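Please examine the sequence and the structure shown here. The briefing that follows describes one protein chain by topic.

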Amino acid sequence: MRYEIRIDGQMSETLSGAFPELKNFLVTDETVLFGPVTDEAHLYGLLARFQALGLHVVEMRRLPE
């Protein structure tokens, strides 16, 4: 499975480093992270990391294979 996750604001390189399994790019007022998510536990782990770092997830969607 591949996912795209949009975060409110522009993440620093340090914060982006907390998600080494995901690539990222910036768009106006958002950081877009994307990449493989191995299973549901991995997805929930990502969400827990976003919350622990105080990041606001604006949108999350599964990408077509």
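Two residues are in contact when they have heavy atoms within 4.5 Å of each other. Leaving aside its neighbours within four places in sequence, Leu 26 is in contact with Gln 10, Met 11 and Thr 31. The model is predicted: local features need pLDDT of at least 70, side-chain atom pairs count only at pLDDT 80 or more, and totals for chains, interfaces and linings use all residues. Residues are numbered from 1 along each chain as its sequence is written, and side-chain values use heavy atoms, with hydrogens and water left out.

**Overall architecture**

- Four strands form an open sheet in the order E2-E3-E1-E4, and the pairing is antiparallel; two strands pair if DSSP finds at least two bridges between them.
- The edge strands are E2 and E4 (57-63), each of which pairs on one side only.
- On average, neighbouring strands of this sheet are turned by 20° against each other, direction ignored; the axes are lines fitted to C-alpha atoms, for helices over the stretch in contact, and angles run from 0 to 180 degrees between N-to-C directions.
- Strand E1 (residues 2-8) and E4 pair in the antiparallel sense over six bridges.
- Ile 5 has Met 60 in E4 as its bridge partner.

- Leu 26 lies in strand E2 (residues 23-27).
- Its relative accessible area is 46%, so Leu 26 is partly exposed; buried means under 20%, exposed over 50%, and partly exposed in between (1.4 Å probe, protein chains only).
- Leu 26 and Ile 7 are 19 residues apart in sequence, and their C-alpha atoms are 9.6 Å apart in space.

**Size, burial and contacts**

- With 65 residues, a compact globule would have a radius of gyration near 11 Å, and the chain agrees with this at 11 Å; the radius is taken over C-alpha atoms, and the globule rule is 2.2 Å times the number of residues to the power 0.38.
- The C-alpha trace spans about 25 × 25 × 20 Å along its principal axes.
- Of the 65 residues of the chain, 31% count as buried.
- Among contacts with a separation of 6 or more, 62% involve residues 24 or more positions apart.

Methods: Helix = DSSP H or I, 4+ residues; strand = E, 2+ residues; numbered from the N terminus.
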